[in-house]
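I opened this chain to look up its domains, its sheets and the surroundings of its ligands. My entries follow the order in which I looked.

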Amino acid sequence: MPRVKRISWCQNCGVPLLQKVCGICGGVGTDVELTGLADPRPAFEGDLRHINDGLKNCFNTNLSMLGLDGIPMIVNRIPYMDEAVEVVIGGAVVAHVFFDLYTMKWKLKPFRWLCKRLADEDLLPVIKLYSKPKGKGLIEDASPSSSYTDGYVALIDKNEQSIGLAELIGGRLFVLKVWSENECAKPTLTRRSLDDILKANMERVEIARSRACKFTTKINQRFSLSNLTLAYSGGKDSLATLSITLEAGLDPTLVFNDTGLELPETIDNVWRVADRFSLKVSEASAGDAFWRYLDIYGPPARDYRWCCKLCKLAPMSRLYRGVFGEAVSFIGQRKFESRSRRRSKAVGRNRLLPNVIYCAPINDWTMLDVWLYLRRMKLDTYANPLYHEGFDRIGCYLCPYCNVAEFREVENLHEDLWSKWLHYISVWASRLGYDRSYVDRHLWRWVNIPSKILKTLNIHSSIRMDVANRIGYSEVKLCDGSVARLSIPRGFDLNLMDASCYIYGIDLKKLKDILAIASIGSSRVYINIKGREVTIIMRDEGWKLLLKAVARSSFCAKCGLCVDTCSVKALILSDDKMVFERRLCTRCGLCMQVCPSLSIGSKVLLNRFRSVCIF
Ligand code: SF4
Ligand code: SF4
Ligand code: SF4
Ligand SMILES: [Zn+2]
């Protein structure tokens, strides 16, 4: 895992620093190397609970027994199969705390200082090695006595110095970490408050605040649009962004998109914050779209996110087109949030909402910057209370991007909401023949479950499925090397086929008996609507475009997203029927890009056809 320096620590004052020099004592901090994206933040009550659970489950102790109550702790999310953070205390990374999917418990892996501390208190067994291991892996010649049980062990050298951490598994010793020379062995353990941390970092906070305000003012002048909106999600980043836009003298309308999958705390937070600043709220709502489309598409997955288009993009698109037209939207996006966000620019146009210019004033802030800024502005008490309950992201409560540990928090807080979803997943999984562990470990979160997870959980790879399983799609039959036939489970929309063919430049002829023939190059599609059957002749690469047009027309959920997206009103949805006004269409292709059925359907059909096609 790459290690990145994003913070340092003042050893005099015992506080984390985002700036080089401590604002309390003027001393220079010592660097702390963080892992992965390095997006540090203060540990809240929920994090302390997880750390205590890990300490209890692995060493039968807790922070209080170790005298660590009230000591400032920073957590930083690290790559792992489920929830996992590294914990920094007093300038030293002291542990990794993670939710173990196998035992379904929090675990804690101690690092140099904590390892020694636990060993000194006889909470962690010790094994003496006569030569220092070179790195991770099995030590062949170590044969610990049978008095050791499986679990973590501290490694010491012949001079009784701590040299690393190992794990005993079935009597075999696996080295997990060998301490490097620059790893902090003596953290500064001083009780400090968030206000002390703010004082130590005040210069940085003021610089970041002033830069963000200037950026916001500049954007406002550059685009000089009368419609200023702020996408408020109920999370801390959008709260900080809101405060920055207000500090810059702007008066944005709060735009909140209720996906229908928000936790009640998030909805309360939106209205509480709007009240606090006396701001108008424009609400986009997906209503019960998720539950309605669930029957059509099956559960969403990390590699199958149909709901983002239907529960986020569709209502937002409707709201912006209907209420704002051209608008600037301030968003709380930060580039340290995820690998994909890392490349995100601070200003741009949303490809799928082309009338909206988005601006992210806090794009280069870490989470610690955000929390210190909120504290500086006395707004931390307006942050969503879910952050204190162990959540570090706010969003849809059943999102496949959540970890099992987060689902547990949802279940603890809102058993009613959770049991509805669990019931759906249980019934769906048992209909497909999956056992209880599939549900307990929430493996529905992937279509293609990562090999690492299958290996850890000891599950055979045959459990993998494709999207077709989710939507109950029927078989594709191969007639010969280049002819395939598929049945259409939910009927076929010929007007949509007409629109897609026009946009793709496919020739479409409507005939009396066969009903329609679409052709491009030497590939053809025969559409027999009455028999709900499509025959595809695959003679060249053109069949892939044909297949996309077929997918859109046969999977259309009548969500209306394409209708809302088309600025020239070439598509109209009337009485659940699609009408296409060819003369108005500019072939911009936007309606195709936003269509969930096109992306899902073509994925299903392409996969199926690839397996039978000779091309
Ligand atoms: S559940 Fe996740 S993937 Fe679905 S709309 Fe919400 S955030 Fe997007
Ligand atoms: S064709 Fe339009 S209405 Fe149908 S699923 Fe696609 S976006 Fe929705
Ligand atoms: S969105 Fe563009 S391609 Fe689609 S119907 Fe409208 S004008 Fe035509
Ligand atoms: Zn200091």
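These are my notes, by topic.

**Entry 1: the model and its domains**

I am working from a predicted model.

I then turned to the pair formed by domain 1 and domain 2. I found 11 residues of domain 1 in contact with 12 residues of domain 2. On the domain 1 side, α1 (45-59), β7 (92-100) and β8 (105-110) each supply at least two residues. β7 gives the most to that side, with three residues. I sorted the domain 1 side by class: eight residues are nonpolar, two are polar and one is charged.

**Entry 2: the five-stranded sheet**

Which order do the strands take in this open sheet of five? I read β9-β11-β12-β13-β10, and the pairing is mixed. β9 (126-128) and β10 (137-139) are the edge strands, each pairing on one side only. Neighbouring strands here are turned by 40° against each other on average, direction ignored.

I followed one pair in detail. β11 (residues 151-156) and β12 (residues 162-169) run antiparallel and are joined by six bridges. V153 has A166 of β12 as its bridge partner.

Next I looked for a helix on this sheet. Helix α2 (residues 112-120) lies across β9, β11 and β12. It runs at about 70° to β12.

**Entry 3: L173**

L173 sits in strand β13 (residues 172-178). Is L173 buried or exposed? L173 counts as buried, because it has 22 C-beta neighbours inside 10 Å and the cut-off for buried is 20 or more. I also took a distance from L173 to I51. The two are 122 residues apart along the chain, and their C-alpha atoms are separated by 25 Å.

**Entry 4: the six-stranded sheet**

I moved on to an open sheet of six strands. Its order is β16-β15-β14-β17-β19-β18, again with mixed pairing. The edge strands are β16 (281-285) and β18, and each pairs on one side only. On average, neighbouring strands are turned by 30° against each other, direction ignored.

I checked two strand pairs. β14 (residues 228-231) runs parallel to β17 (residues 327-330), and three bridges join them. In this pair, T229 stands opposite S329 of β17. β18 (residues 347-350) and β19 (residues 353-359) run antiparallel, with four bridges between them. G348 has Y358 of β19 as its bridge partner. A hairpin of two residues joins β18 to β19.

Helix α5 (residues 236-247) lies across β14 and β17. I read its angle to β14 as about 155°.

**Entry 5: ligand 1**

Which residues surround ligand 1? I listed T259, L261, P300, R305, C307, C308, C311, K312, G395, C396, C399 and Y401. By class, that shell has eight nonpolar, two polar and two charged residues.

**Entry 6: ligand 2**

I counted 13 residues around ligand 2. The closest are C556, C559, C562, C595 and S597. The elements that give two or more residues to this shell are α17 (561-565) and α19 (596-612). Nine residues of the shell are nonpolar, two are polar and two are charged.

**Entry 7: ligand 3 and α15**

How many residues surround ligand 3? I counted 14, and the closest are C566, A570, C585, C588 and C591. α15 (494-504) and α18 (590-594) each supply at least two residues of the shell. By class, I noted 10 nonpolar residues, three polar and one charged.

Just after α15, G505 takes a positive phi of about 75°.

Technical notes. Residues are numbered from 1 along each chain as its sequence is written. Chains are lettered from A and ligands numbered from 1 in the order in which they are written. This is a predicted model: local features need pLDDT of at least 70, side-chain atom pairs count only at pLDDT 80 or more; totals for chains, interfaces and linings use all residues. Two strands pair if DSSP finds at least two bridges between them. Axes are lines fitted to C-alpha atoms, for helices over the stretch in contact, and angles run from 0 to 180 degrees between N-to-C directions. Two residues are in contact if their C-beta atoms, placed from the backbone, lie within 7 Å. A residue is near a molecule or strand if its C-beta atom, placed from the backbone, lies within 6 Å of it. Ala, Val, Leu, Ile, Met, Phe, Trp, Tyr, Cys and Pro count as nonpolar, Asp, Glu, Lys and Arg as charged, and the others, Gly among them, as polar. A residue is buried if 20 or more other C-beta atoms lie within 10 Å of its own, exposed if 12 or fewer, and partly exposed in between; C-beta atoms are placed from the backbone.
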